[in-house]
Structure formats: structure tokens, C-alpha cells
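Welcome! Please take a moment to look at the sequence and the 3D view, and then we can walk through some features together.

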Amino acid sequence: MESSKKEAFRDSIGTVTDEGKRAWVYPKKPSGNFYSYRKIVSYGLLLFLLVAPFIKVNGNQFLLLNILERRFNVFGLPFWPQDFYLVVISMLIAVVFIALFTVSFGRVFCGWICPQTIFMEMVFRRIEYWIEGDRNKQRKLDKQKWNAEKIRKKGLKWFIFLIISFLIANVFLAYLIGSDKLLRYISESPLDHLGTLLPLLIFTAVFYFVFAWFREQVCIIACPYGRLQSVLLDEKSIVVAYDHKRGEAEEGRKKFRKNEDREALGHGDCIDCLQCVNVCPTGIDIRNGTQLECVNCTACIDECDHIMESINKPKGLIRYASENEIENKAKFKLTARMKGYIAVLSILIGVFVGLLFLRNDVEATILRLPGQLYEHKANEVISNVFTYKLVNKTTKDIENIHFKLRTYEGDIKLVSTTDNFIVPAQDLAEGTLFIEIPKRELSGDKNKLIIEVYSNEELIETTSVNFLGPRSYN
């Protein structure tokens, strides 16, 4: 019996044949409680994904990731390249959170939240079921010759896939260039915006390729998250697991027979119906244990629960559980590793929130013009030339901008710009200025100046610069 178990154990990827070719996966249409919950979550997330770039908060797009123009909006808050430190901290928070979530609950993100899974299982796969039928009908259709029925069904499916891929690409583009710009481009001739049309067609082709052909291979081959499981999971992590103690018992699995006392014969509750395998979208047998292909989609849980109900056995032969729970009946507890991740995550979130409150609405940068030394002016005045850049992160114009020196007597003169100028909303103003200070005020060749930026009479930002003067030989 032991040898037969070893022979049955998986020693290759489920989507690869013995000849090394791809084995196409025909998953059975899932149903059950978990699937119903997943549909609610998935369609809620899909709705959010589709409408988020078109929602405005205080005039800002709710989510914007404009890499080319270096403009980012997160939940309606605008971020600029000067806020890159916040992006770094948020990425660290995301990494630690993913690690904590995986250590605790395995790859549940992939089954419930990942856009790849949601689009594949809740959009494209459901269209496939509607047009071609369930698992057996799909297999039969693929094997039959190209007749009128096959051309009609395949053509309709591929056409709908292409239309949806095009719509997804448009939404994706709205996140990158902004929804207002996208809607304007749509209303105008495509030939006027070839630089945008080409990426749109590329995105469409990529999405079509992924959802029409590559499919579960994204999770198995392309996505690195599955490989992280091997270093993040342990025997206390909760995953979609098969209760091998209950399913195998002493004498292993056995096909179901009416009025047979399986317990007396030493057989487990698993009747080897293979329905958990047939319904799996990545083609694995969950009874072989945790595998990198498993995306914790719960389809096998629903299917197994249905089988258990039909043979009057308790549900939960496949369920969310840890290896420690199955082996030792141990309840879930926070491990030292989980507590460590929670502590680090809490610190990072605290730092991030603190920096958000300290973040200025206006960012001022003043730099000496490269290659320029100081200049002597009349009445023993020393002059330095600088460039300035003011970034307005708000949705309102900031008016009557002017500069003042905090600790030195002197003048700040703008070049080609009158004093009290305006910085437009979500834009920047830049130019050149001269700072003139009497020589008697200087204490050497390098002097640190504090420059205050005012809007009307309100101080909105301060910055510092190094002012060059004659070297003192006292």
C-alpha cells in the first residue's frame, strides 16, 4: 500500500504531459458557498477597478499612476517625484504585509483578490462555460473537426475575449495617462494619437494572449509569488488543505459503495472521485499536499463538500487548515515569526502616517546655478544666482508667492518674473533668482541661508541654500 501511494504522488507539474508538452486544463464549472462568496468579492473588486480611474476627489483622479509625467494619485491624494520616499515606505509596507499574510494564510490573495484570477475565473472562464459548455463539452468540442458548430462557438468566444481585452486595456491606460485624457482621445481621431493607440493595441494583445491561451501558466510560471510559499509557509500556516488522516485512514482511499462499512474496513472518507482534481483551475491534485500551483481558490473545497453531503459524510475533508491542525488538532496561534512581521509592519505604518502628516502642500527647491561664482555689486554687495522650483501639490492655485531671507539682511530678486507670482494647481513654477547680501553680513566663503516662501502673508515652506562669498583671511 505504501508503494502505491508513492507511485501516485505527483512528481511533475500538472499542466505538463509525460512528453513535456502542455496539458490543457479543462476545469469543471465550480459551485458552492465559497464560490458564491468569491463572486461577491470579485465583482466588487472588478467594479472598483473599472470605476476608480473615473472617480474624482477634490478634482484629483482617485487612482493615477502616470509614470511618464511622474504624477501619481493615491485615493485622491496627489504625489510628486519629491514624495518618492513615501513610495519606498509604502512598497516596504506592501512587501511586509504580503509576507505576513502568506505566513498566516498562504496564497489566499491569489484566489480571492488577484486580478489575474478574478478576470480568468469570473469573466473569461464564465464566458467559456456559457458558449462551449462545461468540462466534458469543452473537451469534446476541441477534439472534433472544424465544422460549423466549432467555428461558430470558437469564433464567438475569441471575438468576445478580444472585445473584453480591449476594454481592459482602455481601463489600464486610464490609470497611466489619466481618464480625462483617455476620454478626450476616444472622442478624437485615433490617427491624431498614434503614440497612445500603439500601446493600447499592445496591451490588448497581451491581455488577449494571457486570458485566451496562457491562462493558469501565469500563476505557475510567470508569477513569483507561488515560489515565495516555499520560504514563507510552515506547518502552522493556514492553507487549502486535504485532511489526509481522515481521507486515507489505515487502508487509504476507496471508491464509494452503498451499505459498505468503510470505517470497519479501515478506509478513509475520500472516495477517490477525482472531482477535486477536475474542478481545479491549475490542474493539481490537492491530495498531494501544498503545491506552488495552488492559488487557494476554494473550488476543491466546495466540490468535496458537495460529495461528502451526497454520501452522508461530514464536510471539511478539504478545508482551510494548517498542517499542524490536521496532524495534531492544534488551533491557529500567532507564531513568533508572525508577531515579528506584525511589529515591523506596525512601525512602518506609523512612520508612513507620520510622514504623511509632515508632508507639505508646497515643495520648494532652490539650487545654486552650476559653474557660477559670486559677483561683486556696488556698495560692497555680494550676489549669487540660483534656480528655484516650486511644486504645488494641491488642487488650488497658490497666489502671491514671494521669498524672504530669515537670518540675513539682503534682497531676493526674481529674473523675468515679477514678485508675487502664482503657482498653478498640481503644477510647478520654476525660474532664476539673485540673492544679494552686504559683504559685512557674511562670515566667510560659505554661508547657509534660510529662505522662507510666503503666499500672501502665510509662510508655506522653508528651504536652505549655500551662499558663496569672499574668503575671510582674518
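In which helix does Cys 219 have its place? Cys 219 sits in helix α10, which covers residues 217–222. Before going further, please keep in mind that this is a predicted model.

**A residue to start from**

Is Cys 219 buried or exposed? Cys 219 counts as buried, because its relative accessibility is 11% and the cut-off for buried is under 20%. Leaving aside residues up to four places away in sequence, Cys 219 touches Arg 107, Gln 116, Arg 227 and Val 295. Now try finding Val 385 in the view. Cys 219 and Val 385 are 166 residues apart in sequence, and their C-alpha atoms are 56 Å apart in space.

**The chain as a whole**

Let us step back and look at the overall picture. The chain has 17 helices and 16 strands. Its radius of gyration is 32 Å, well over the 23 Å that the globule rule gives for 474 residues, so the chain is more spread out than a compact globule. You can compare this with the span of the C-alpha trace, which is about 110 × 60 × 40 Å along the principal axes.

How much of the chain is buried? Of the 474 residues, 43% are buried. The accessible surface of the chain comes to about 26,500 Å², and carbon and sulfur atoms hold 60% of that surface. Contacts tell another part of the story: among those with a separation of 6 or more, 67% are between residues 24 or more positions apart.

**The largest pocket**

Next, look for the largest pocket, which has a volume of about 950 Å³. It is lined by 24 residues, and Leu 63, Leu 65, Ala 94, Phe 109 and Pro 115 lie nearest its centre. The elements that give two or more residues to this lining are α2 (33–51), β3 (63–66), β4 (71–74), α3 (84–105) and α5 (115–132). Which of them gives the largest share? That is α3, with seven residues. By class, the lining of the largest pocket has 22 nonpolar residues, two polar residues and no charged residues.

**The largest cavity**

There are also cavities to explore: the count comes to six of 30 Å³ or more. The largest cavity holds about 110 Å³ of space. It is lined by 13 residues, of which Cys 270, Cys 273, Cys 276, Cys 304 and Leu 317 are the closest to its centre. Helix α15, residues 299–310, gives the largest share of this lining, with three residues. The lining of the largest cavity has eleven nonpolar, no polar and two charged residues.

Most residues other than glycine have a negative phi. Asp 272 has a positive phi, near 55°, and Asn 312 has a positive phi, near 60°. Where are they in the chain? Asp 272 is found in the loop between α13 (262–265) and α14 (275–278), while Asn 312 lies in the loop between α15 and β7 (318–321).

| Residue | Relative accessible area | Class |
|---|---|---|
| Asp 272 | 24% | partly exposed |
| Asn 312 | 71% | exposed |
| Phe 166 | 35% | partly exposed |

Phe 166 lies in helix α7, which runs over residues 148–177. Not counting residues up to four places away in sequence, Phe 166 touches Leu 200 and Thr 204. The C-alpha atoms of Phe 166 and Phe 207 are separated by 8.1 Å, although these residues are 41 residues apart along the chain.

What does His 376 touch, not counting residues up to four places away in sequence? The residues are Val 381, Ile 382 and Pro 470. His 376 and Lys 439 are 63 residues apart along the chain, and their C-alpha atoms are separated by 9.0 Å.

How values were computed: Residues numbered from 1 in each chain as written. Predicted model: local features only at pLDDT ≥ 70, side-chain atom pairs only at ≥ 80, totals over all residues. Heavy atoms only, no water. 1 Å grid on protein atoms, 1.4 Å probe; cavity = no way out; pocket = protein on both sides within 12 Å on 5 of 7 lines; lining within 4 Å. Points joined across faces, edges and corners; volume = space filled by probe spheres on them. Helix = DSSP H or I, 4+ residues; strand = E, 2+ residues; numbered from the N terminus. Nonpolar A, V, L, I, M, F, W, Y, C, P; charged D, E, K, R; others polar. Rg over C-alpha atoms; globule rule 2.2 N^0.38 Å. Buried < 20%, exposed > 50% of the residue type's maximum accessible area, 1.4 Å probe, protein only. Contact = heavy atoms within 4.5 Å. Areas by Shrake-Rupley, 256 points an atom, 1.4 Å probe, with all protein chains shown as cover.
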